[in-house]
Amino acid sequence: MSDTWTWEYDPDHDHVAGGIPVHVVAEVERLVGQLVELADTGVDITDLGNGPRPGGLRRMDAAGGWFFFLPNSRDRLIIVVRIMPPYEEL
């Protein structure tokens, strides 16, 4: 197991980011990259964003919309599961 954090889309890029405006996807990927950097420095990211309690599904604002992610501390992995663009871009 690696000491560094990574991130991925689940189930894949096409399912999560397909059809979403490019600038929104780029902002989500930038923010997730920053979450990875924070986690690599030892910051507990399981309480970042919005959610009912630490861990589990989290929501974070991005480019006027938001995205949902799961921080998996055991695997040192951030899983992006859904991107919601701003309503005017749906």
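**Sheet, core and salt bridges of the predicted model**

Y9 stands opposite V80 of strand β4. In this predicted model, the two strands concerned, β1 and β4, pair in the parallel sense over four bridges. Helix α2, spanning residues 22-40, packs on the sheet and touches β1, β2, β3 and β4; the direction of the helix makes about 155 degrees with that of β4.

The sheet is open and consists of four strands in the order β1-β4-β3-β2, with mixed pairing. Because β1 (6-9) and β2 stand at the edges with a single partner strand each, one side of each is left without a neighbour in the sheet. From one strand to the next, the twist averages 35 degrees.

The remaining pairings are antiparallel. Strand β2 (residues 58-62) is joined to β3 by five bridges, the two strands running antiparallel. Within this pairing, D61 has W66 of β3 as its bridge partner. The hairpin of β2 and β3 has two residues between the strands, and A63 takes a positive phi near 55 degrees.

The largest nonpolar core comprises 21 residues, of which Y9, V28, F67, I78, V80 and I83 touch the most other members. Two or more residues are given to this core by each of α1 (13-17), α2, β2, β3 and β4. The contribution of α2, eight residues, is the most from any element. With residues up to four places away in sequence not counted, Y9 touches V16, A17, V25, E29, V80 and I83.

G19 lies in the loop between α1 and α2 and is exposed, with a relative accessible area of 82%. The C-alpha atoms of G19 and L90 are 9.3 Å apart in space, although the two residues are 71 apart in sequence.

A search of the whole structure finds three salt bridges. One of them is formed by E27 and R30, whose closest N and O atoms are 2.8 Å apart. Since these residues are three apart in helix α2, about one helical turn separates them. E27 is partly exposed at a relative accessible area of 23%, and R30 is likewise partly exposed, at 40%.

R58 forms a salt bridge with D47, with 3.6 Å between the closest N and O atoms. This pair links distant parts of the chain, 11 residues apart: R58 is in strand β2 and D47 in the loop between α2 and β2. R58 is buried, with a relative accessible area of 1%, whereas D47 counts as partly exposed at 46% relative accessibility.

The side chains of R59 and D61 also meet in a salt bridge, at 2.9 Å from N to O. R59 is partly exposed, with a relative accessible area of 25%, while D61 is also the bridge partner of W66 in β3.

Key. Residues numbered from 1 in each chain as written. Predicted model: local features only at pLDDT ≥ 70, side-chain atom pairs only at ≥ 80, totals over all residues. Heavy atoms only, no water. Pairing = 2+ DSSP bridges. Axes fitted to C-alpha atoms, helices over the stretch in contact; angles between N-to-C directions. Contact = heavy atoms within 4.5 Å. Core = buried A, V, L, I, M, F, W, Y, C linked by side-chain atoms within 4.5 Å. Buried < 20%, exposed > 50% of the residue type's maximum accessible area, 1.4 Å probe, protein only. Salt bridge = Lys/Arg side-chain N within 4 Å of Asp/Glu carboxyl O.
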